[in-house]
Structures are given as C-alpha cells and as structure tokens.
Amino acid sequence: MAPTSLPRPLVLFGLSGILPQALCVIMALSGGESRWIGLAAGCLYAGLILSFLGGLWWMAALLANERASWPYLLAVLPSLAAWATFLPWCMGWRWPGPSLVILAVLLLASPLVDRALAHRYHVPDGWIGLRIRMATGLGLLTLVLAFA
C-alpha cells in the first residue's frame, strides 16, 4: 500500500516525525555536551512515540467497539516497555545504549502490530505503507543513536 492514497499533509506530518530523531543523531555525533543531550532526548523521543502508538492501537479497538481485552492489553504494552527502558537510568545502570537498542527493535516491529490490527479493524488505504516508512526511519535512527 502506497501512502500516496492518504492526504498529503498526513503523509508529510507523519514522515516529519523522523526529524527530531535525526537531530538527536546529529547532536550525539557532534560530541561534547551535545552528545549526551542527543542521546537522552533521542531515548525520550523514541519512548514517547511508542506510547503514542499504543494510544493509536487503543483508539482503533475502541472505535471498533472491541469487547475482547487483548487489544487493550496490547495497546498499553508500548508505554510500559518505554517506561522500563528508562529504569536503568533511574537506577544508575548502563544507559542509554541498551535502552535505545530495545526501543529501536520495538519501533521496527511496531508495523507488525499495525498490520495485525488492520486485519481486524478498518484502517485507511495507505496507512500500513506509511507506518512502515515511519517506523523504519525512526527505528533505524534510534539504532544509529544507540551506537553513537
């Protein structure tokens, strides 16, 4: 599915969500104090986006009048996973490299959930294609950040 069947502003705004992570990568690679700011901000941004995705999944189930509990459980898992990736920082353990790897893998895998939900609920034509592009861009940049 090509994202061209979606309204152009939706595609542009969706893809622009990759830009903050690109800026974080640039900051992390520039060294100095900017390096730490880029790593921390990139980790936070990846976690926020995962939480946002869970909200989308929750709303898809709600709009479909879903009565089963598993879609709602699935929808809260991204927020819990993002929260868990911040715990090492709170505990003074090694951070943010391993957390960024986990977040990157979850972002890269998130279109699999979108695809599974699209079989159950109505999604606009082109949505899955756009989600794959957004998740791939953000996931790969998060992975670059993990090794910066």
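Colleague: How far apart are the mean positions of the positive and negative charges of the protein?

Modeller: The mean positions of the 8 positive and 4 negative charges are 5 Å apart, where Lys and Arg count as positive, Asp and Glu count as negative, and His and the chain ends are not counted. Each charge is placed at NZ of Lys, CZ of Arg, CG of Asp or CD of Glu. This is a predicted model, in which local features need pLDDT of at least 70 and side-chain atom pairs count only at pLDDT 80 or more, while totals for chains, interfaces and linings use all residues. Residues are numbered from 1 along each chain as its sequence is written, and side-chain values use heavy atoms, with hydrogens and water left out.

Colleague: What does the secondary structure come to?

Modeller: The protein has six helices and zero strands, in the pattern α-α-α-α-α-α along the sequence; helices (H or I, at least four residues) and strands (E, at least two) are DSSP runs numbered from the N terminus. The radius of gyration is 16 Å, close to the 15 Å that the globule rule gives for 148 residues, so the protein is as compact as a globular protein of that length. That radius is taken over C-alpha atoms, and the globule rule is 2.2 Å times the number of residues to the power 0.38.

Colleague: And what box do the C-alpha atoms fill?

Modeller: Roughly 50 × 35 × 20 Å, taken along the principal axes.

Colleague: How much of the protein counts as buried?

Modeller: Of the 148 residues, 40% count as buried, meaning under 20% relative accessible area, with exposed being over 50% and partly exposed in between (1.4 Å probe, protein chains only). The protein exposes about 8300 Å², of which carbon and sulfur atoms supply 73%; these areas come from the Shrake-Rupley method with a 1.4 Å probe, and for residues only the protein chains shown count as cover.

Colleague: Switching to cysteines, how many disulfides does a search of the whole structure find?

Modeller: The search finds zero disulfides, a disulfide being a pair of cysteine sulfur atoms within 2.5 Å. The sulfur of Cys 43 has its closest cysteine sulfur in Cys 24, at 10 Å, which is too far for a bond. Cys 90 is in no disulfide either, with the sulfur of Cys 43 as the nearest one at 11 Å.

Colleague: Are those two, Cys 43 and Cys 90, buried or exposed?

Modeller: Cys 43 counts as buried at 0% relative accessibility, whereas Cys 90 is exposed, with a relative accessible area of 63%.

Colleague: What does Thr 85 touch?

Modeller: Leaving aside residues up to four places away in sequence, Thr 85 touches Trp 95, Ser 99, Ile 102 and Leu 103, where contact means heavy atoms within 4.5 Å. Thr 85 sits in helix H4 (residues 70–91) and counts as buried, at 4% relative accessibility.

Colleague: Which residue other than glycine has a positive phi?

Modeller: Asn 65 has a phi near 55 degrees. Most residues other than glycine have a negative phi. Asn 65 lies in the loop between helix H3 (32–63) and H4, and it is partly exposed, with a relative accessible area of 48%.

Colleague: Last one, where is Val 123?

Modeller: Val 123 is in the loop between helix H5 (97–120) and helix H6 (127–146), and at 21% relative accessibility it counts as partly exposed. Its C-alpha is 34 Å from that of Pro 96, 27 residues away in sequence.
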